[in-house]
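Subject: Structure for your files

Hello,

Here is the structure I said I would send. My notes on what was found follow below it.

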Amino acid sequence: GYFDKEDDYIRLGYLWLNNATPYKSALMLQNAIDKDKISSNKTTLRLLADSYLNARELLKALKTYKQLAKLTNSGDIYTQIAQTYLELENYHEAIEYFTKAIKSENIKNLGGAYLLRGIAYYNIQNFTKARANFIKARNYQKTKQIAIEW
């Protein structure tokens, strides 16, 4: 009952997330959203999803990132969803979301998306598509060396 502003919850969420207690951050934020104390906007959903991800609650993180993707249509959010699926070894879903990320106009690390999509294709033994993605990833400075190694 000490908080009366949304910013108070957000600050505490960031504080817990950045001080190695992401699960506590996620629980508090989810509770505040459920009780309509804070809104489900881009900021709160991103913080909630990041908190779940850092707490290794991957399925809850996925659910929240997908809610966020509906609000933002962001290539970076699609990339985060794809990376989470990759971590869960759900390669087909990872490929689907990496493809959405690559097709979006607002992605910060396009080379990384190609590289990770290539890894997903490699894991389902589609070596032709994996190689094509690694070749595309070579065109970006951040991913060039790793793509060459793959």
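For the charge count, Lys and Arg are taken as positive and Asp and Glu as negative, with His and the chain ends left out; each charge is placed at NZ of Lys, CZ of Arg, CG of Asp or CD of Glu. On that basis the protein chain carries 22 positive and 15 negative side chains, and the centres of the two sets are 6 Å apart.

This is a predicted model, in which local features need pLDDT of at least 70 and side-chain atom pairs count only at pLDDT 80 or more, while totals for chains, interfaces and linings use all residues. Residues are numbered from 1 along each chain as its sequence is written, and side-chain values use heavy atoms, without hydrogens and water.

The protein chain has 9 helices and 0 strands (DSSP runs: H or I of at least four residues for helices, E of at least two for strands, numbered from the N terminus). Its C-alpha atoms fill a box of roughly 55 × 25 × 25 Å along the principal axes.

Of the 150 residues, 45% are buried (under 20% relative accessible area, 1.4 Å probe, protein chains only). The largest nonpolar core has 47 residues, a core being buried Ala, Val, Leu, Ile, Met, Phe, Trp, Tyr and Cys residues joined through side-chain atoms within 4.5 Å. Tyr65, Ile81, Leu86 and Phe98 have the most contacts inside this core. Among the helices that each supply at least two of its residues are α1 (6-18), α4 (58-72) and α8 (127-137).

Leaving aside neighbours within four places in sequence, Ile81 is in contact (heavy atoms within 4.5 Å) with Leu62, Tyr65, Lys66, Ala69 and Tyr97.

Regards

How values were computed. Buried means under 20% relative accessible area, exposed over 50%, partly exposed in between (1.4 Å probe, protein chains only).
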